[in-house]
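Hello,

Here is the structure I said I would pass on. Please have it open while you read, as my notes follow below.

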Amino acid sequence: MAITSIKNLKEFSTNNDRFEGAHTLCPGCAHSMIVRELMNCTDDNLVMTANTGCLEVSTAVYPFTTWDTSWMHIGFENAASSVTGSEVMHRVRKKKGTLPDPDAPVKFVAWGGDGSTFDIGFQWLSGAMERGHNFVYVCLDNENYANTGGQRSSATPIGSTTSTAPAGTHSYGEKQKKKDIVAIMAAHDAPYVAQLAPNKWKIMAKGFQKALDTEGPCFINTVSPCCTEWRFDPKDTITITDLATDSLMFPVYEIINGHELNILYRPKNVLKVEDYLGAQGRYKHLFKAENKHVIDKIQKDINEYWDMLQRREEARI
Amino acid sequence: MQDLKLLAQDNRGLYQLEAGEDLLGWHEVTQGSILPSFEGDATGIANMKQEERNYSHYNSYTATVASWRVLKPVYNRDICIDCQNCWVWCPDTSIISRDKQMLGIDYDHCKGCGVCVEVCPTNPKSLLMFGEHSSFEDALSQWPEKKKKEKK
């Protein structure tokens with residue numbers, strides 16, 4: 001068991017970074033904060049795969065690699081299947097005794113953006129969860145296809161403007177509700193499913209450690225504010241994440257064995273969703289008089305969802 | 001001030017990421033390639049500090065993105081309380097911290113996003129953004145005074 005201490009931030013900072021700088025993610029991108037928090041919470045060997053997305057294209061700019069671990073990329077959608085393939089190969093070689101160091105602890109992690117998790121790689125992810133391999137899938141949810149110019153994905157929330165669902169005189173932007181990926185993954189009877197946020201580093205690191213420790217397929221959805229497509233100043237990434245978790249737009253919770261729901265973070269003062277929406281350029285049009293009903297709808301959805309989470313936590317179903 | 005004598009044989013920031021004319025075109029690149037991050041054996045990397053590792057020239061540690069920066073963060077050791085907020089939220093692994101102490105900023109990998117300044121809890125902040133070409137002495141001499149708390 002080789003898991004590093006996360007008792008406080010000073011002890012956490014004694015870990016040695018395995019995600020190097022000089023990747024080409026935008027300044028202020030939350031993707032690399034999340035990756036660093038995961039890679040610092042363990043010193044086991046890591047085998048990682050990645051779906052195509054911002055993280056993949058920016059950290060493997062030929063002829064450079066940003067990863068100090070085994071990292072593989074094959075196609076857009078198949079991080080989940082390539083990580084399960086690696087996991088099975090590791091198991092078989094361990095059984096046959098062909099590994100040079102069979103006792104070395106190895107963890108398997110797959111990375112995906114929201115496009116490749118919610119839409120394109122969904123079938124591969126669902127298959128891998130169903131087969132029950134021992135891996136962790138981390139979705140970096142920035143609510144659009146940020147890598148290709150901000151098209152809508154099924155993670156895009158109601159009311160936000162994207163390049164394929166633009167707001168204007170005839171539309172208020174995206175009209176469909178966001179897919180509830182955490183509930184879908186919990187319905188696969190996965191042993192550990194969680195939604196985490198990078199501003200709560202301790203909750204996040206604990207969640208990652210729990211997922212890495214758990215035998216079986218684990219899924220983690222993390223909010224990753226995108227300064228380019230959400231249209232805010234790069235320095236405000238953590239502030240926006242604070243607003244997202246405090247306005248309950250992104251509640252932080254975990255589901256164990258598909259039914260045991262725990263809310264991991266309860267904001268002391270729940271903010272109105274206007275504070276979160278108003279901080280970003282992609283929701284600017286909602287503050288016109290004719291779009292007020294959209295904000296009311298978003299607030300109503302959030303309240304209902306939070307209510308549902310609390311009831312589920314109490315009832316343990 | 002910012003002279004970080006951490007690394008004896010430092011090979012960080014040797015290459016520019018945008019490598020110009022000798023890059024291969026899309027039809028000349030080999031399909032499928034392996035880029036080793038380290039020279040030789042990479043066992044136990046997780047327990048080695050960055051200065052002890054033997055990075056290969058494929059590792060982006062040896063590359064630099066310093067040209068992206070417009071504003072740079074300047075670090076004031078006198079005010080810092082080593083809370084490590086900047087370390088945990090730096091997206092570019094550019095805050096160098098050893099043995100629970102913040103040592104400085106890695107200017108080869110910093111893109112100048114300003115997240116570290118935003119999350120700094122001290123009063124006045126121990127990290128502030130200055131123009132890329134201003135000198136450290138100038139920046140430190142312009143440091144603001146401690147703000148008094150407003151009485152309600």
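**Helix packing in chain A**

Helices H2(A) and H8(A) are oblique to each other, and the reason is their angle: the two pack at about 55 degrees, and they therefore count as oblique. Before going further, please keep in mind that this is a predicted model. The axes of H2(A), residues 30-40, and H8(A), residues 201-213, are 9 Å apart, and the crossing of H2(A) and H8(A) is right-handed. If you want to find the contact on screen, look for Ile34(A), Glu37(A) and Leu38(A) on the H2(A) side, where they meet Trp201(A), Met204(A) and Phe208(A) of H8(A). By class, the residues of this contact between H2(A) and H8(A) are five nonpolar and one charged, with no polar ones.

There is another helix pair to look at in chain A. Helix H4(A), residues 79-96, and helix H6(A), residues 122-131, have axes that come within 7 Å and cross at roughly 35 degrees. From H4(A), the contact takes in Ala80(A), Ser81(A) and Thr84(A); from H6(A), it takes in Trp124(A), Leu125(A), Ala128(A) and Arg131(A). The contact of H4(A) with H6(A) has four nonpolar, two polar and one charged residue.

The largest pocket holds about 1400 Å³ of space. Its lining is made of 45 residues, and the closest to the centre are Leu46(A), Val47(A), Thr69(A), Ser70(A) and Trp71(A). Which elements give two or more residues to this lining? In chain A they are strand S1 (45-50), helix H3 (54-59), strand S2 (70-73), H4 and strand S3 (106-113). The lining of the largest pocket divides into 25 nonpolar, 13 polar and seven charged residues.

The second largest pocket has a volume of about 500 Å³. It is lined by 22 residues, and those nearest its centre are Lys177(A), Lys178(A), Met249(A), Asp301(A) and Tyr305(A). Helix H7 (181-186) and helix H11 (292-315) of chain A are the elements that give two or more residues to this lining, and H11(A) gives the most, with five residues. Sorted by class, the lining of the second largest pocket has 13 nonpolar, two polar and seven charged residues.

**Backbone details in chain B**

Most residues other than glycine have a negative phi, and most peptide bonds are trans. Chain B has a residue and a bond to check against that background. Asp82(B) has a positive phi, near 55 degrees, and sits in the loop between strand S3 (71-75) and helix H1 (85-89) of chain B. The peptide bond from Asn123(B) to Pro124(B) is cis, with omega near -5 degrees. Pro124(B) is in the loop between helix H2 (115-119) and strand S6 (127-131) of chain B.

Happy to go through any of this with you.

Best wishes

Methods:
Residues numbered from 1 in each chain as written. Chains lettered and ligands numbered in written order. Predicted model: local features only at pLDDT ≥ 70, side-chain atom pairs only at ≥ 80, totals over all residues. Heavy atoms only, no water. Axes fitted to C-alpha atoms, helices over the stretch in contact; angles between N-to-C directions. Helix = DSSP H or I, 4+ residues; strand = E, 2+ residues; numbered from the N terminus. Contact = heavy atoms within 4.5 Å. Nonpolar A, V, L, I, M, F, W, Y, C, P; charged D, E, K, R; others polar. 1 Å grid on protein atoms, 1.4 Å probe; cavity = no way out; pocket = protein on both sides within 12 Å on 5 of 7 lines; lining within 4 Å. Points joined across faces, edges and corners; volume = space filled by probe spheres on them. Parallel < 35°, antiparallel > 145°, perpendicular 65-115°, else oblique. Left-handed = near helix turned anticlockwise from the far one by under 90°.
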